[in-house]
Amino acid sequence: MSREPTSIPPQTTVRDNGTATPAPSSSAEIAAFVAKARAMAPNAAGARGRLVFALDATMSRQPTWDMACALQADMFREAEAIGSLDIRLVYYRGLNECRASTWISSSAELARLMGKIDCRGGHTQIGRVLADARKEAIAAGVRAIVFVGDAMEEQADDLCAKAGELGMLNVPVFVFQEGVDPVAEQTFREIARLSGGAWCRFDPGAAAQLRELLRAAAAYAAGGREALQRLAASGGGGAALLLGQMR
């Protein structure tokens, strides 16, 4: 089976008046997720943490994409001190292109995939990222989502509705915003709040800041809140920033 990222289809249905709307939640799907989440609780024997690692790969993002390629191994290293971690790489770019990898358990494989991807101009597709994360949360169990981006060009209410569904599933979204965009920040903060996650800004090109945030998210995915608290107590600034906002 190919491990290359595959396209994520739009998650929509059609109303009677012909307009598209996000597909509704399924109570059966949510019940299935709850059962799976209990079996995969953080720190349970043999459990693997699962983290969706989503990045904006539009044209302006190439420097940050390269930086994320260099830093992604830190997430695996942080998780190894706690347990184990699988990562699903999700990205969007170009004209309506949004893709996701299979679950990856090695930094070498993740680096290989990321190294083959170049950034291309296009609009944001955060809604498709959140919809895919919800699907995976129900099907396979997801402990956290990381989204790294600098812009938001979609309907804020639609994104907030998807974030609220993730919050109901206890899947927090950690939104790491590069630079200063007040419009994006307002929606990013709401996505984090409604999902039970956290929003943090990092300066353009600031590898050290992004490294600390990614380490903290990986710690949470591998070991839950207790692991995040231990990292914060040991001086992890990124962990303290996340804990300060998580409900």
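Phe147 is buried, with a relative accessible area of 4%; buried means under 20% relative accessible area, exposed over 50%, and partly exposed in between (1.4 Å probe, protein chains only). Phe147 and Phe188 form an edge-to-face aromatic pair, and both residues are buried. Phe147 lies in strand S7 and Phe188 in helix H6 (residues 182-195), so this pair ties together parts that are 41 residues apart in sequence. Helices (H or I, at least four residues) and strands (E, at least two) are DSSP runs, numbered from the N terminus.

The structure is a predicted model: local features need pLDDT of at least 70, side-chain atom pairs count only at pLDDT 80 or more, and totals for chains, interfaces and linings use all residues. Residues are numbered from 1 along each chain as its sequence is written, and side-chain values use heavy atoms, with hydrogens and water left out.

Rings of Phe, Tyr and Trp (its six-membered ring) pair if their centres lie within 6.5 Å; planes under 30 degrees apart count as stacked, over 60 as edge-to-face and the rest as tilted. The count by this rule is four aromatic pairs, including the two below.

| Pair | Centre distance | Plane angle | Class |
|---|---|---|---|
| Tyr92 and Phe147 | 6.4 Å | 20° | stacked |
| Phe147 and Phe188 | 5.7 Å | 70° | edge-to-face |

The Tyr92 and Phe147 pair links strand S5 (residues 85-93) with strand S7 (residues 144-149), 55 residues apart. Tyr92 is buried, with a relative accessible area of 0%. Ring pairs link Tyr92, Phe147 and Phe188 into a cluster.

The protein has eight helices and nine strands, and 52% of its 247 residues count as buried.
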